[in-house]
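The sequence and structure come first.

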Amino acid sequence: MEITADYMEHLVKENLVKARGNVVVRYQNRTVRADNMAINTETGQGHAQGNVVMKMEDGSTVEAVRGDFNIKTHRGILLRSRGTLKGQQGQEYYVSGKTFRRFSDEHYQTEDATLTTCTGVLPDWMIEVGKADILVEDRALFTGGVFRIKGIPFIYIPVGYVPLISERKSGFLMPSVGTSNLDGLTIQNRYFWAIGRSYDATIGADYMENRGLRSSLEFRYQPSETTEGWWRGEHLKDDISGRTFWKLDARHQQVLPGDARLLARLDQTSAANFNKTFKSQTEIRTRRSSDSFMSIFKGWETNSLDILGRYRESEQADRDDTFGILPSITWVTQSFQLGNSGFYFNQETSATQFLLDLDPTIGNDNEETLQRFDFHPQVSYPITFAPWLRLTPQVGFRETYYNKELSDDINPATNQPFIRPEFTREVLEFSTFLEGPKFNRVFQPTEVGDPAYKHVIEPRVQYNYISGFDRKDREKIRIIDAVDDIRPTEAVTYFLTQRLLRKDMDDKGNSEVRQVARFEISQSYNIKEARRFQTPLTPRRPFSDLRFDLDTRLTDYFMFNFDSEYNVYDGFVQRFNFDVGIRLSEWLMVVLEKRQVHNESAMILGTLDVTLPKGLNFKYSARFDEFNDRVLEHNGRATYSDPCKCWGLSFDFIRRRNINLNVNQAETKILLSFELRGLADFDGTRGETFIHRGF
């Protein structure tokens, strides 16, 4: 124990030191300061008076008028005190009280006290209590509480429990509140259950004024570094429609013995479309089908094995078709050199069983299985004429076996499609790929510290030939994926790619090169189509659509990307997509994107993001269906993050078209989020992403 003061008197027999004037007592990592102090050097028991300051090992500090303490046992009582308690993760809790009792480094009791995470003489918010029992990194249990905003009483809390913990802890979460013209007032109630170090769960019971009670359960687990997952279920008996809505989601990933990787996803929903009715995320509400799958993947140096099972069900109101892969086994050999011959070999072999619904009409189910085996080896021989010129011819063979033909023709005897015997398809293929000559030019910086740029032009030409096969066999094949959709081909495709590379140097002379722009033009010429017999009604059209693809990120403040396909015969843009983002400053950002298919769809999505001083932020996003000339969604969000970082507030306004089961409704939803940092949150947007775009 070390004691310093302006004046000290040491009573040796009594082991007592009396000190006054700037008294400081240090013991291990604890310190007590006061104007006057008496302390027993044997027991550590002391009494302090006048400007008492006690600092603990964890950095917590308490000031008081006077107090009794034991610097060795950590116990003590302070009168008319205030101070800062620090959690293990660095968070700070500001407390004051008429009396402040300390039983250990973690355990305190106060009377006529206040608790807040805000700084200042008059905190933005605080909880004023009659008595409180505090366990740091655990909880504060109090009675006679009043929640005050800027000193004004707001809510009376007879008995309260506040978590003071950064680790997971079981308990009720603050409810979330929202309102909708369809659902009415909604209150989300959640109980969080910290089952153990590697497991936890959330149990929910949501009150929906117009629809009833929606129950939910979510379970999360991570028993090891290589195994983790979650599953979530929701259920509602809807008072409006009388229908039962439910949804079950699960995800699991695991590293199996031998470094094989397992990834599984369960995605099931009721016939009544849960996602479109209740979810706010646009990509979930507008999807066409649910998708459950399981994949086991094992990779070697040049080979890989993938076992995949998949099951999809339509979520569209006018279809009930299903699709399954039960399962697909795929063996892939990446290209490798055959000895020193200069030849390279690769192959892909797959065996698949499909589950197909031949009649997607609501109420009609006609499910059939189809088995397919596909073997596809290829051999290539790269020829390098120069570093900037390379030719790669490749020859391949494809054998595909189908165990049956699922015809679209209807058997009048059974009123079902014809099912005919097994058949095979054999295909020979040849391709050659010419890359180069490449051209480039370097633009050196004009000022020291400026970046250098390199412009590269890369022309490429590819010739593809796929042999013809029996037309009757082609008609037998039901197109499911790219393996089935193989057609006799003889075509030449050219690519003209331009890249802009940027080289930056740091203060230490290290360089970093990144691509800041890429622009590619490509088009195919179908030789078979050019030879085809034509009529006035079926003229030859050997040229494919002209494709353009541009990606840029010249600076951190500007982004522009687009891709399009131009029909050279009819003179219109078949497909056009673009997105552009501009960050004018740290406080203003604009993102605009468009997706258009000629005579089919045209969608525009825009986001405006404004950040103002003192923690204010505004976002507005809209989704406009240009093809049908109607606005589908408005999303607005205003947030305020208090400069002292002790509370935050956000407000969301959502207005959109809710189209489900041929019912077109306008939905307006309002969500409120409120957070007391370090204590609890009141979050109406928990789990929602909406359509706001980031830069």
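Two strands pair if DSSP finds at least two bridges between them; helices (H or I, at least four residues) and strands (E, at least two) are DSSP runs, numbered from the N terminus. This is a predicted model, in which local features need pLDDT of at least 70, side-chain atom pairs count only at pLDDT 80 or more, and totals for chains, interfaces and linings use all residues. Residues are numbered from 1 along each chain as its sequence is written, and side-chain values use heavy atoms, with hydrogens and water left out.

Q: How many bridges join strand 4 to strand 5?
A: Strand 4 covers residues 30–40 and strand 5 covers residues 45–55. Ile39 stands opposite Gly46 in strand 5. The two strands run antiparallel, and the number of bridges that join them is 7.

Q: Which residue in the turn between strand 4 and strand 5 has a positive phi?
A: These strands form a hairpin with 4 residues between them. At a phi of about 85°, the residue is Gly44.

Q: Which residue of strand 6 is the bridge partner of Gln49?
A: Strand 5 and strand 6 (residues 61–70) run antiparallel and are joined by 9 bridges. Their hairpin has 5 residues between the strands, and Gly59 there takes a positive phi near 95°. The bridge partner of Gln49 is Arg66.

Q: Which residue in strand 17 does Trp193 stand opposite?
A: Strand 16 is joined to strand 17 by a hairpin through 2 residues. The two strands run antiparallel, with 5 bridges. Opposite Trp193 stands Ala201.

Q: Which residue in strand 16 stands opposite Phe172?
A: Strand 13 (residues 171–172) pairs with strand 16 in the antiparallel sense, over 2 bridges. The residue opposite Phe172 is Tyr191.

Q: What accessible area does the nonpolar patch of Trp193, Ile195, Tyr199, Ile203, Leu217 and Trp231 have together?
A: Patches are made of residues with over 30% relative accessible area and no salt bridge; like charges are joined within 9 Å, and nonpolar side chains (Val, Leu, Ile, Met, Phe, Trp, Tyr) within 5 Å. A salt bridge is a side-chain nitrogen of Lys or Arg within 4 Å of a carboxyl oxygen of Asp or Glu. Areas come from the Shrake-Rupley method with a 1.4 Å probe, and for residues only the protein chains shown count as cover. Strand 16 (190–196) and strand 17 (199–208) each supply at least two residues of the patch, and its area is about 530 Å².

Q: Why does Leu217 count as partly exposed?
A: Leu217 is found in strand 18 (residues 212–224). Buried means under 20% relative accessible area, exposed over 50%, and partly exposed in between (1.4 Å probe, protein chains only). Leu217 counts as partly exposed because its relative accessibility is 34%.

Q: What is the phi of Lys150?
A: Most residues other than glycine have a negative phi. Lys150 lies in the loop between strand 11 (139–149) and strand 12 (152–163). Its phi is positive, near 50°.

Q: What is the relative accessible area of Asn599?
A: Asn599 is found in the loop between strand 39 (588–597) and strand 40 (601–612). Its phi is positive, near 60°. Asn599 is exposed because its relative accessible area is 61%.

Q: What is omega for the peptide bond that joins Leu326 and Pro327?
A: Most peptide bonds are trans. Pro327 is found in strand 24 (residues 322–337). The bond from Leu326 is cis, with an omega of about -10°.
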